[in-house]
Amino acid sequence: MTRFVLGQNQYGKAENRVVKITRDGDTHHIKDLNVSVALSGDMEDVHRSGSNANVLPTDTTKNTVFAFAKLHGIRSAEDLGVRLARHFVDGNEPIHRARIRVEEYGWERIATAKDGAHSFVRKGQETRVAQITYDGHGIQVLSGFKDLTVLNSTDSEFFGYLKDKYTTLREDHDRILATTVSTWWRHNWDGVDQHAPDWDRSYDGVREHALQAFAETYSYSLQQTLFEMGVRVLDSRDEVDEIRFSMPNKHHFRSDLSPFGIDNEAKDGAVYYAADRPYGLIEATVLRDGADQLIPVDMTNL
């Protein structure tokens, strides 16, 4: 008789949209999160026989997310995720592992002549992300952001590459380098012996150093720029051991205006066609020497 084996499995409530308002007199503070919970453990029976004896309802996980946001506040995406992961595993014997994934949407205040500070406009830059995994022993915290578009209008070249009979791309010694950065980084805090990092300060620091490296690197390839961004982050943030980037090359091609007798050179202030797709997709992980590569490669790729 053929025996079938249950492989990896998990369940939970995905995309709980949590908005928390904290009132400090007339000044209000807003936290806007999208929280997804995934649990795994002793789930053989529910898959084989339908017994729900070991199943914490997904509705309960939803309620817990909102209750924790109220009871503990939202200091940061990472802080809420750590609290939730520990609660689900430590408080429910059949559950052995919890993964909490959080997206945070930023808001900034609208300046007005009226008293008070309770009007906001949604920020149009990156979305902050976090993933917390806990198995009852160690805890892993990944932080990151996605959809942050950046551009250098010069100080970028691309030449000396492999060429074959299908190569039509011309070498370029003064090009636009543009990309939309998505990245995850791994903290070396395991939740056991050390105090937790200041998550907001860490996030701001990683973002700042990554952007500075992008702006300050004279680039001969997007791969080189990516690596310099990772090196700058690791060299500046001791709490980070590993960082992974996914960076599509947002191609800008100089329009061919020669049929009209018009030169269109970068040195004179060129006009470009911003191509939507297809695009080159550059991805890589940068680690401290001796660190293990633990960020899954499929967290960032297509």
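Patches, as used here, are made of residues with over 30% relative accessible area and no salt bridge, where like charges are joined within 9 Å and nonpolar side chains (Val, Leu, Ile, Met, Phe, Trp, Tyr) within 5 Å. Accessible areas come from the Shrake-Rupley method with a 1.4 Å probe, and for residues only the protein chains shown count as cover. This is a predicted model, in which local features need pLDDT of at least 70 and side-chain atom pairs count only at pLDDT 80 or more, while totals for chains, interfaces and linings use all residues. Residues are numbered from 1 along each chain as its sequence is written, and side-chain values use heavy atoms, with hydrogens and water left out.

**Surface patch**

Phe-159, Tyr-218 and Tyr-220 make a nonpolar surface patch of about 300 Å². Tyr-220 sits in the loop between H4 and helix H5 (222-236); helices (H or I, at least four residues) and strands (E, at least two) are DSSP runs, numbered from the N terminus. With a relative accessible area of 42%, Tyr-220 is partly exposed, on a scale where buried means under 20%, exposed over 50% and partly exposed in between (1.4 Å probe, protein chains only).

**Salt bridges**

Side chains of opposite charge can pair when their charged atoms come close. The structure holds 17 salt bridges, each being a side-chain nitrogen of Lys or Arg within 4 Å of a carboxyl oxygen of Asp or Glu. Three of them are set out here.

| Glu-126 | Arg-207 | 2.7 Å |

Glu-126 forms its salt bridge with Arg-207. Because Glu-126 lies in the loop between strand S5 (120-122) and strand S6 (127-134) and Arg-207 in helix H4 (residues 199-216), this pair ties together parts that are 81 residues apart in sequence. Glu-126 counts as buried, at 15% relative accessibility.

Elsewhere, salt bridges that share partners join Lys-31, Glu-78, Glu-104, Arg-128 and Asp-200 into one network.

In the remaining table pair, Lys-163 is partly exposed at 49% relative accessible area, and Glu-171 is partly exposed at 39%.

**Nonpolar cores**

In soluble globular proteins, nonpolar side chains tend to be buried together. A nonpolar core is a set of buried Ala, Val, Leu, Ile, Met, Phe, Trp, Tyr and Cys residues joined through side-chain atoms within 4.5 Å. The largest has 30 residues, of which Val-35, Leu-39, Leu-84, Phe-88 and Ile-100 touch the most other members. Strand S2 (27-41), helix H2 (58-72), helix H3 (77-90), strand S3 (95-105), S6 and S7 give two or more residues to this core, and H3 gives the most, with seven residues. Beyond its neighbours within four places in sequence, Ile-100 is in contact (heavy atoms within 4.5 Å) with residues including Val-35, Leu-84, Phe-88 and Ile-132. A second, separate core of 22 residues includes Val-181, Val-206, Phe-214 and Val-233.

**Backbone details**

Most residues other than glycine have a negative phi, and most peptide bonds are trans. Glu-15, not a glycine, has a positive phi of about 55 degrees and lies in the segment before strand S1 (16-24). Asp-155 also has a positive phi, of about 60 degrees, in the loop between strand S7 (139-152) and S8. The peptide bond from Arg-277 to Pro-278 is cis, with omega near 0 degrees.
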